[in-house]
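Hello,

Here is the structure I said I would pass on. My notes follow below it.

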Amino acid sequence: MMTGSARALTFDEATSSEAFAERFSANRNGKLAHLIAAAVTHVHDLIKEFRPRPDEWRKVIQFLTEVGHASDERRQEWVLLSDLIGASALVEEINSRRQKGATPNTIRGPFYRDDAPERSSGASISVDGKGEPLGVSVRVQDLDGLPIGGAEVVTWQANAEGFYENQQPDLQPEHNLRGLFRTDAEGCVMYRSVMPAGYGVPDDGPVGRLLKGAGYPLHRPAHLQFVVRAKGFETITTHIYDSNDPRLAEDALFGVRPDLVARFEPAQVDGRRGRSVDLTFVMVRARPGRQG
């Protein structure tokens, strides 16, 4: 018989969550302990609701193990899982609420690189030149419409076939369709690129296979991606979507917002028939600890 300090709840179906949380009694009010206990409670509730057999539960463990094995320096399957179940989008939504008129954040996604080469205004980010020409004009301003000079505008995108350069290291040149630009005194910068294509989310790994098998739509509409930074302002991480893409309503990563959908108009780009798009990013002043 357990007595005194050794007394503990008997672990059974009715008490499982409490029995686990009780082990944190020395730090019951700690935020980490509370978070872990809450997460475990949700897992226990799922088990109680669906009542998996041991072999079925082992398949869950096997799936999580495969997600870890599929992650490396070029591919982050855990990020993909977070993105596809809407967890990444929800974290962004909770943590980046801004005043009306400001550009909303979306998730950064798994294909971002932090070493995009700096390019001068007017330069092309299309290293291989393959695809329909696109001219992009960007203006960065504050909520009062005043320009923000010297802002960093980092951009990256898929090519005309729907692939990012780091998905095809043997087929696309290094840093293809990536670039870092700085706005002028009027808050403006322009660059040249090619029209991106929409694409299917990778389904050759455990996450894609699982969701595809369950009938989940694994599509991303055509888009450009941006990170916009300026001293004293909250960083914007966002997408701009092509209004003509028929799959706007089923973005697998839950990034589409009405004010992030733009018209890519027919235009002459470098003497060729192509498209152009004019974009305005509206930044808000950073609160303490919120610039990044």
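Leu 177 sits in the loop between β2 (152–157) and β3 (178–182). Strands here are DSSP runs of E of at least two residues, helices are runs of H or I of at least four, and both are numbered from the N terminus. This is a predicted model, in which local features need pLDDT of at least 70 and side-chain atom pairs count only at pLDDT 80 or more, while totals for chains, interfaces and linings use all residues. Residues are numbered from 1 along each chain as its sequence is written, and side-chain values use heavy atoms, with hydrogens and water left out.

Leu 177 is not a glycine, yet has a positive phi of about 60°. Its relative accessibility is 1%, so Leu 177 counts as buried (buried is under 20% relative accessible area, exposed over 50%, partly exposed in between, with a 1.4 Å probe and protein chains only).

Arg 51, also not a glycine, has a positive phi of about 50°. Arg 51 is in the loop between α2 (31–50) and α3, and is exposed at 52% relative accessible area.

Helix α3 (residues 54–69) packs against helix α6 (residues 206–213) at about 135°, with the axes 8 Å apart. Axes are lines fitted to C-alpha atoms, for helices over the stretch in contact, and angles run from 0 to 180 degrees between N-to-C directions. The two helices, α3 and α6, are therefore oblique to each other (under 35 degrees is roughly parallel, over 145 roughly antiparallel, 65 to 115 roughly perpendicular, the rest oblique).

Regards
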